Amino acid sequence: MGGYFSPILRVGKIAYYLIAVVFILLLLFTCFKRETPRLNLTYIILFAIGIVGSMFMAMIYHDQSFLSTAISQRALYFLACFFVWWKIGLTEDELFPMLRVLTIITLVVFGLSLFEPQWFLSQSAIEQFAKRPENSTDVLCFMPGYVYVVLYFFYLLQTIPDSFTKRDLAIAIAILGMFFVYQNRSTLMYLSIITLYFFIKNRSNIGQQGRALIVLSVVLIVLLASSFISNVTTSLLNETQEQLNDEGYNRRIALQFYVFDYNEGSIARSLFGNGQPALDTDYLDEMIEGNEEGAYWSDLGFVGDWFLFGIIPIVAILIMAIKVFRYPYPPYLKYLFASFLLVPTIHTFSGNNMHVFYFSLVMYLVCLNEYELEYNDGFMTDAEAIEPQNIILQDA
């Protein structure tokens, strides 16, 4: 769940896995009196091929046993949640109210953590934060499940033209404010671009009252927090300029190490990846050496996923993106995949349990809407796609 319960349920990682696995198995083997859509399994199959293929690469090129790789990549097995959503016949009308609740929880927890970080963060993290430079604008915060917040934000953008409410506007502004305070430049970049595109495209649909309310909200925010906004913006711009001019910038080092140096001359590893490194292996030692030089595959998002699991899962993502942009899929999916393409280095399907769980949901939503389009003979218009609908799940 991306850390929603970690401050409360302070249990070990093994317990987290066991709880999740038991929950998944219970759902998969429970009888639901509900018909399920006939989904396209191509994407999940491509992911499985890429993951299994990378395990053979780890065995052949890194002398890492199949079992060791299978254990080290255990987080990836949460992709099986795709079948849970399928089993229970999850609909968008059921999903997004839940995501609204999770978003509100995230916003509340984020706000509390700014003032009482010891409630959510370790003492070592607090002590490390205290050593930051005096002119730093960084904040110490806890932001659980932020990927779900982004997905819900895109859904809010989708619903605003047809059902504009003050509550939705307040949540959307709060989400943007949270990410601005958090100061992740890549996230701010794609959120800003997509939000600007949305307002330009839908300015006539929002209406005069809606536009006036948005302008008034922005003016009030600028007046009340102009000093903080100015300081953060200046700090982010200066940091960006410094890193672009710094040859020792971690992301630049990681690109050089994982994209150009490590697989040099190996076509097989470039195509099928290297596999997930396991404990007590030379392969992991090589990765640790790269980390000591500032090269972390986690800094590269989908590029890091390609290094580990090869090109096939990336091809699956590209196929989904092409379909989402080509056909009348709901706008929230178009915004989501636009964010993938705008900043591929911060999105990942393998970063941790939360990202894998989240990506299983993304794949399901793509397949679910693909089924709806086929069920409607592919003639669903953009206007119809905007309004989420319950699916009539019945045999053809």
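Aromatic pairing was examined first: the predicted model holds 28 aromatic pairs. Rings of Phe, Tyr and Trp (its six-membered ring) were taken to pair if their centres lie within 6.5 Å, with planes under 30 degrees apart counted as stacked, over 60 as edge-to-face and the rest as tilted. A pair of aromatic rings is described by the distance of the centres and the angle of the planes. Tyr155 and Tyr332 form an edge-to-face pair, at 6.3 Å centre to centre and with 75° between the planes. Tyr155 belongs to helix 7 (residues 146-159) and Tyr332 to helix 15 (residues 331-342), and the pair links parts of the chain that are distant, 177 residues apart. Both Tyr155 and Tyr332 are buried, where buried means under 20% relative accessible area, exposed means over 50%, and partly exposed lies in between (1.4 Å probe, protein chains only). One aromatic cluster is formed by Phe47, Phe302, Phe309, Phe337, Phe340, Phe349 and Phe359.

This is a predicted model, in which local features need pLDDT of at least 70 and side-chain atom pairs count only at pLDDT 80 or more, while totals for chains, interfaces and linings use all residues. Residues are numbered from 1 along each chain as its sequence is written, and side-chain values use heavy atoms, with hydrogens and water left out.

The chain contains 17 helices and 0 strands; helices (H or I, at least four residues) and strands (E, at least two) are DSSP runs, numbered from the N terminus. Of the 396 residues, 46% count as buried. The accessible surface of the chain comes to about 20800 Å², and 63% of this surface belongs to carbon and sulfur atoms; accessible areas come from the Shrake-Rupley method with a 1.4 Å probe, and for residues only the protein chains shown count as cover. Among contacts in the chain with a separation of 6 or more, 78% are accounted for by residues 24 or more positions apart, a contact being heavy atoms within 4.5 Å.

The largest nonpolar core has 95 residues, and Phe154 and Phe337 are those with the most contacts inside it. Helix 16 gives the most to this core, with 14 residues. A nonpolar core is a set of buried Ala, Val, Leu, Ile, Met, Phe, Trp, Tyr and Cys residues joined through side-chain atoms within 4.5 Å. When residues up to four places away in sequence are not counted, Phe154 touches Tyr190, Leu191, Ile194, Tyr332, Tyr335, Leu336 and Ser339. A second, separate core of 7 residues includes Val109, Leu121, Ile126 and Phe129.

Side chains of opposite charge can pair when their charged atoms come close. The structure holds 2 salt bridges, each defined as a side-chain nitrogen of Lys or Arg within 4 Å of a carboxyl oxygen of Asp or Glu. In one of them, the side chains of Lys323 and Glu370 meet at 3.2 Å, N to O. Lys323 lies in helix 14 (residues 311-326) and Glu370 in helix 16 (residues 353-375), so this pair ties together parts that are 47 residues apart in sequence. Lys323 is partly exposed at 23% relative accessibility, whereas Glu370 is buried at 7% relative accessible area. The side chains of Arg167 and Asp168 also meet in a salt bridge, at 3.5 Å, N to O. Arg167 is partly exposed, with a relative accessible area of 48%, and Asp168 is buried, with 5%.

On the surface, Val52, Phe56, Met59, Ile60, Tyr61 and Phe66 form a nonpolar patch, with about 530 Å² of accessible area together. Patches are made of residues with over 30% relative accessible area and no salt bridge, with like charges joined within 9 Å and nonpolar side chains (Val, Leu, Ile, Met, Phe, Trp, Tyr) within 5 Å. Helix 2 (residues 42-62) supplies the largest share of the patch, 5 residues. Phe56 lies in helix 2 and counts as partly exposed at 38% relative accessibility.

Loop residues were also considered. Asp63, in the loop between helix 2 and helix 3 (66-72), has a phi near 50°, a positive value in a residue other than glycine, and is exposed at 71% relative accessibility. Asp280, in the loop between helix 11 (267-272) and helix 12 (282-292), has a phi near 60°, likewise positive in a residue other than glycine, and is exposed at 79% relative accessibility.
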